[in-house]
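Please read it with the sequence and the 3D view at hand.

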Amino acid sequence: MSVTLSEDNSLSWGVSTSITVGSEVKVFGSGVKISASVSASAGGAQTTSRSDSSSSSTGNEKSTQQTTAFMVPGAGIVFGVTDRYELDKANVPVKMYVTCPDGQDKIQDSRIALKSVSYTAANFWSISGAFYDSACEEDGSLPDCVETVRENYANFVGQTEEIEAAFRKCFDGGKGEY
């Protein structure tokens with residue numbers, strides 16, 4: 001889990017001043033008026049930002065395995081199935097329980113991005129067979145048939161009867177035992 005808190009503070013300020021100086025001269029009832037003005041202004045803004053990030057994770061690992069033995073020369077295939085669960089949510093509301101350096105406890109509402117992937121227990125099943133020595137001497141490509149079965153059914157594990165029938169054909173015709 002990763003949590004980021006951020007805070008922005010902004011301070012704007014400005015000063016403006018204006019001075020006008022004037023003079024009027026009258027000669028025989030008419031006159032001339034002269035004036036001048038000067039203005040000045042200054043200002044600015046200051047923004048401060050603070051960001052604290054915290055990241056943590058916990059894990060729980062379990063393993064499962066399947067062992068399949070087969071005679072040599074021979075071949076075997078192990079199929080495994082598991083369910084994958086993925087959680088990918090952005091902007092999830094949470095309550096954060098914070099203890100400040102001065103010892104005060106605070107509760108803050110916040111939001112986090114939550115990502116997780118997990119797998120359930122796996123289930124396995126296997127098939128194996130042995131090729132006859134004489135069949136291997138005649139045809140060195142016999143294991144290619146088993147590889148083709150694996151490639152063709154890698155994404156269709158639920159079709160066990162069809163997979164076993166295709167695998168069995170690799171050993172039919174005096175090539176071996178299933």
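A salt bridge is a side-chain nitrogen of Lys or Arg within 4 Å of a carboxyl oxygen of Asp or Glu. By this rule, the structure has two salt bridges. The model is predicted: local features need pLDDT of at least 70 and side-chain atom pairs count only at pLDDT 80 or more, while totals for chains, interfaces and linings use all residues. Residues are numbered from 1 along each chain as its sequence is written, and side-chain values use heavy atoms, with hydrogens and water left out.

**Salt bridges**

- Side chains of opposite charge can pair when their charged atoms come close.
- Asp109 and Lys95 form a salt bridge in which the closest N and O atoms are 2.8 Å apart.
- Asp109 belongs to strand 5 (residues 105-119) and Lys95 to strand 4 (residues 84-99), so this pair ties together parts that are 14 residues apart in sequence. Helices (H or I, at least four residues) and strands (E, at least two) are DSSP runs, numbered from the N terminus.
- Asp109 is exposed, at 61% relative accessible area. Here, buried means under 20% relative accessible area, exposed over 50%, and partly exposed in between (1.4 Å probe, protein chains only).
- Arg150 and Glu147 also form a salt bridge, at 2.6 Å from N to O.
- These two residues, Arg150 and Glu147, are three residues apart in helix 2, and therefore about one helical turn separates them.
- Arg150 is partly exposed at 38%, and Glu147 is partly exposed at 34%.

**Disulfide**

- A disulfide is a covalent bond between the sulfur atoms of two cysteines. The rule applied here is a pair of cysteine sulfur atoms within 2.5 Å, and the count comes to one.
- Cys145 is joined to Cys170, with an S to S distance of 2.0 Å.
- The link of Cys145 and Cys170 is left-handed, with -80 degrees about the S-S bond.
- Because Cys145 lies in helix 2 (residues 142-153) and Cys170 in the loop between helix 3 and strand 7, the pair ties together parts that are 25 residues apart in sequence.
- Cys145 is partly exposed at 29% relative accessibility, whereas Cys170 is buried at 1%.

**Aromatic pairs**

- Rings of Phe, Tyr and Trp (its six-membered ring) pair if their centres lie within 6.5 Å; planes under 30 degrees apart count as stacked, over 60 as edge-to-face and the rest as tilted.
- The structure holds three aromatic pairs. Among them is the stacked pair of Phe131 and Phe171, at 4.4 Å centre to centre and 20 degrees between the planes.
- Phe131 is buried at 4%, and Phe171 is buried at 2%.
- Ring pairs link Phe131, Phe167, Phe171 and Tyr178 into a cluster.
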